[in-house]
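Colleague: I'm new to this one and would like a quick tour. Can we start with the pockets and go from there?

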Amino acid sequence: MTAPSPDRSVDGERLFATLDRSSAIGSGPKGGLARLALSDSDRDMRDQFVAWCSGDGYAVSIDATGSIFARRPGSDDGLPAVMIGSHLDTQAAGGRFDGVLGVLAGLEILRTLDDHGIGTRRPIEVVNWTNEEGARFAPPMAASRVFAGFDSVDWLHRLEDDDGIRVGDELERIGYLGTAPVGGRVPNAYFELHIEQDSLLEEHGVTVGVVTGGYASHALNCVFRGECAHTGPTEMKLRRNAMIGAAYFLAAVNDIGWDYAPVGRTSASRMVIWPNRFGILPEHAEVTVDMRHTDRAVTDEMIARTREALARAAERGRVEAEVTGEWTFGDEVFDPDLAGLVRGAAAARGVPAMDMLSIAGHDAYYVSRIAPTALVFSPCVGGITHNEAEDIPREATIDAVNVLLDAVIARANR
């Protein structure tokens with residue numbers, strides 16, 4: 001890979017100005033973000049992103065999943081595009097950079113190409129994928145899953161949040177039910193820059209993580225059904241408390257994680273109870289759990305144990321239980337050629353890089369199943385993420401975006 005031109009670098013001030021503007025949209029109470037997918041604040045951030053892209057002259061299209069694509073043409077514009085993307089939605093108590101950096105770094109790369117009058121053979125598209133987090137509408141990475149052909153638009157539109165509100169209805173309400181077709185086109189390559197969400201880069205003094213693969217991950221959504229009854233007079237032997245069945249299950253899932261630690265891990269992250277009122281035993285409980293390990297065979301073993309724990313918890317709680325949804329991701333292998341471009345770009349700029357695995361889920365997983373994909377990590381202060389205190393080091397982040405810029409240019413000129 002040829003060395004980059006010394007003046008071919010992103011405008012760090014402009015990049016962080018866009019990040020600061022994003023940080024003001026859907027602010028959380030502790031300085032982070034609470035920009036759940038398809039909420040009013042997500043709409044406002046989408047409006048800002050579209051305004052930036054349109055104002056800079058990029059063609060904007062929105063597909064039927066609500067994903068937004070901003071396109072800079074290439075000299076051979078009929079060729080498949082090189083895509084750069086991530087997500088602008090956040091957790092309910094999320095940080096300012098998780099996902100956001102990847103989208104706005106893509107925008108900064110387009111702007112930098114314009115600044116320096118650099119054309120590319122292939123078009124470049126920056127994409128904001130809908131509902132990556134899955135915090136409001138499970139499962140996560142939903143729009144990229146549909147784009148890659150693993151589920152239908154109708155499936156996504158029918159997903160509901162805890163209040164029974166559907167994705168399709170919310171897309172229409174906020175004005176992002178697009179008309180562009182979903183998928184049906186394979187990008188030439190896909191690049192995703194994401195904060196590491198761990199502290200390995202920081203601990204090793206490294207700026208760029210070249211992700212070669214991920215932890216094999218599997219999630220289960222489980223429902224427990226019991227019977228409402230008075231908390232006072234109802235004898236213990238007559239109780240069918242759905243919450244208790246769920247509690248037995250969640251404790252067992254946590255124990256499974258400890259059995260496979262430190263590499264393996266399990267999580268219980270969501271529980272919805274009805275009626276959830278004092279004085280009445282709940283008849284309904286819904287929980288979401290997941291399990292992860294570097295070895296797919298071990299993850300499968302953890303899944304089997306989790307299913308056994310579900311049956312035991314239902315029996316012990318004298319309730320019924322079933323798995324109502326499940327999804328898997330993370331054991332994909334990312335494209336070695338694109339990884340080589342990223343390593344070469346880092347070396348040419350003198351930016352330290354290292355290979356690593358991803359533990360968290362990213363849209364890159366689904367896109368990698370249909371197109372060559374590179375997932376690139378940049379440092380995250382203290383490894384703090386999905387937390388309003390999440391932060392990134394300024395200069396290292398700019399260096400990582402410059403590495404991404406060079407790798408994207410190299411691929412887009414093929």
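Modeller: On a 1 Å grid over the protein atoms alone, a pocket is an open set of points with protein on both sides within 12 Å along at least five of seven lines, while a cavity is a set where a 1.4 Å probe fits but cannot get out; lining residues have an atom within 4 Å of a point. Points are joined across faces, edges and corners, and a volume is the space filled by probe spheres set on them. This is a predicted model, where local features need pLDDT of at least 70, side-chain atom pairs count only at pLDDT 80 or more, and totals for chains, interfaces and linings use all residues. Residues are numbered from 1 along each chain as its sequence is written, and side-chain values use heavy atoms, with hydrogens and water left out.

Colleague: OK, what volume does the second largest pocket have?

Modeller: About 160 Å³ for the second largest pocket. Its lining is made up of Met236, Arg239, Asn241, Ile244, Tyr248, Arg316, Gly317 and Arg318. The elements giving two or more residues to that lining are α8 (242-259) and α9 (296-317). Element names follow DSSP runs numbered from the N terminus: helices are H or I with at least four residues, strands are E with at least two.

Colleague: And how does that lining split by class?

Modeller: The second largest pocket has 3 nonpolar, 2 polar and 3 charged residues in its lining. Here Ala, Val, Leu, Ile, Met, Phe, Trp, Tyr, Cys and Pro count as nonpolar, Asp, Glu, Lys and Arg as charged, and the others, Gly among them, as polar.

Colleague: Then Gln197: buried or exposed?

Modeller: Gln197 counts as buried, because its relative accessibility is 15%. Gln197 also has a positive phi, about 65°, without being a glycine. You'll find Gln197 in the loop between β5 (189-195) and α7 (200-204).

Colleague: Switching to peptide bonds. Which residue does a cis peptide bond join to Pro262?

Modeller: Ala261, with omega at about 5°. Pro262 belongs to the loop between α8 and β9 (265-274). Another cis peptide bond links Trp274 to Pro275, with omega about 10°. That proline, Pro275, is in the loop between β9 and β10 (280-281). Most peptide bonds are trans.

Colleague: How many cavities of 30 Å³ or more does the structure hold?

Modeller: There is 1. The largest cavity has a volume of about 40 Å³. Its lining includes Val210, Phe334, Leu338 and Val376. β6 (208-214), α10 (336-349) and β14 (373-378) are the elements that each give two or more residues to it. β14 gives the most, with 4 residues. By class, the cavity lining has 9 nonpolar, 1 polar and 1 charged residues.

Colleague: Now helices. At what angle do α1 and α3 cross?

Modeller: Roughly 145°, with the axes of α1 (residues 12-23) and α3 (residues 100-115) coming within 10 Å. Axes are lines fitted to C-alpha atoms, for helices over the stretch in contact, and angles run from 0 to 180 degrees between N-to-C directions. The contact, meaning heavy atoms within 4.5 Å, includes Leu15 and Leu19 of α1 and Leu101 and Leu104 of α3. Its residues divide into 6 nonpolar, 3 polar and 4 charged.

Colleague: Last one: which residues does Leu36 touch?

Modeller: Leaving out residues up to four places away in sequence, Leu36 touches Ser41, Asp42, Asp89, Thr90, Gln91, Ala92, Ala135 and Arg136. Leu36 lies in the loop between α1 and α2 (40-55), and at 25% relative accessibility Leu36 counts as partly exposed.

Methods: Buried means under 20% relative accessible area, exposed over 50%, partly exposed in between (1.4 Å probe, protein chains only).
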